[in-house]
Amino acid sequence: MTDYSATDPAHDQKSVSPLLVALAGWVVPGLGYLLVGERWRALVAGLAILVLIMLGVLIGGVRVVELPGYDSSGNAILIKGTNQWVLTARPFPTLMSEVWFVPQILNGPVTLIIGQQSLSLTRSGVATKMHGRLDDIGVLYVAIAGVLNLLIIIDSAHRASKN
Amino acid sequence: MLLAVYTFRPFLNSPPIWDYWLLLIVPLVVGVAVVYKTMKVATFAELPVQAILTCVYILAAMAGIAAAVSIVNALV
C-alpha cells in the first residue's frame, strides 16, 4: 500500500477536486499530479508517457493512430442511403472495429491531434499505413502509454481525495 | 533489394529496423517501469534504482516465459 503521508522536498499537497484532477490528467499526461502538488511525479510520469507516444509514432509512422469512422484513404465512412457518418450512427461497432483506439484515447487530446495528422497526411498521400511487426509495435506503444496514463489519472485522483 | 529503395521518413513510415524488432521491447519496458514506479515510490531519489530493478524483473520474467514456452513447444 502506498504511503501517502511520505513527503519529499518537491511535495506540496493541495486540495483539489479528484474529478478535476482526473480530467486534467487526461488532457495533459501528468497534469493531475501537478494539481495535487506532486511536481516531480508530474514531470517524470508525463514525460515518460509522451516519450512512449512519440516512440510509437516514430516506430510505426503517424498511422499507428487511426481515428474510428474513417476508411484506409482517410475519408469518413458514410452509411449508404442515409449518408450518416458511421461513428454517430453505430458508435459501438465502429469503435470495436478500431479497438486499439480505445486505450490510445486514454492519452488525451494528443491522440486526437496525432489521429487528425494521420488523416490529413493519408488524404494527401504522404503517409501510408505500414504493415507488419513495426506497425503493431508502434500501435502497442501508444496503447500502453494510454493505459499507463489511466493508471496515473487514477493515482493522482486518489491522492486528491486523500488531501 | 527492397531495402535499397526504402526511404525512412520520420513519423511517416517505419525506420529500417525490421531485424531488430525484438529489442524494441526494452524502451517499452523502461517506460512501463518508470511510470509504475513513479506512482509507487515515496521520494524521487528512490526512483532510478526501483525502476531499473523493475525493468530487470519484467525482462527476466518475459525471457523465462519465452524459454518455458519454447521448451513446451519443442516437447509437444
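**Entry 1. Basis.** I note that this is a predicted model, in which local features need pLDDT of at least 70 and side-chain atom pairs count only at pLDDT 80 or more, while totals for chains, interfaces and linings use all residues. I number residues from 1 along each chain as its sequence is written, with chains lettered from A and ligands numbered from 1 in the order in which they are written.

**Entry 2. Chain A.** I looked up the elements, where helices (H or I, at least four residues) and strands (E, at least two) are DSSP runs numbered from the N terminus. Chain A has eight helices and zero strands. I record that 43% of its 163 residues are buried (20 or more other C-beta atoms within 10 Å of the residue's own, C-beta atoms being placed from the backbone).

**Entry 3. The contact between the chains.** I found 33 residues from chain A and 21 residues from chain B in the contact. On the side of chain B, helix 2 (residues 25–40) gives the most, with nine residues. That side comprises 15 nonpolar, five polar and one charged residues; Ala, Val, Leu, Ile, Met, Phe, Trp, Tyr, Cys and Pro count as nonpolar, Asp, Glu, Lys and Arg as charged, and the others, Gly among them, as polar.

**Entry 4. Helix 8 of chain A and helix 2 of chain B.** I looked up the axes of helix 8 (residues 133–162) of chain A and helix 2 of chain B, which come within 10 Å and cross at roughly 5 degrees. The two helices are therefore roughly parallel to each other (an angle under 35 degrees).

**Entry 5. Helix 2 of chain B.** I compared its length with expectation: at 1.5 Å a residue (times one less than the number of residues), its 16 residues should span 22 Å, and the end C-alpha atoms are 22 Å apart, which agrees. Its buried residues, among them Gly31(B), Tyr36(B) and Lys37(B), pack against helix 3 and helix 8 of chain A together with helix 3 (47–75) of chain B.

Key. Contact = placed C-beta atoms within 7 Å. Axes fitted to C-alpha atoms, helices over the stretch in contact; angles between N-to-C directions. Parallel < 35°, antiparallel > 145°, perpendicular 65-115°, else oblique. Buried ≥ 20, exposed ≤ 12 C-beta atoms within 10 Å, placed from the backbone.
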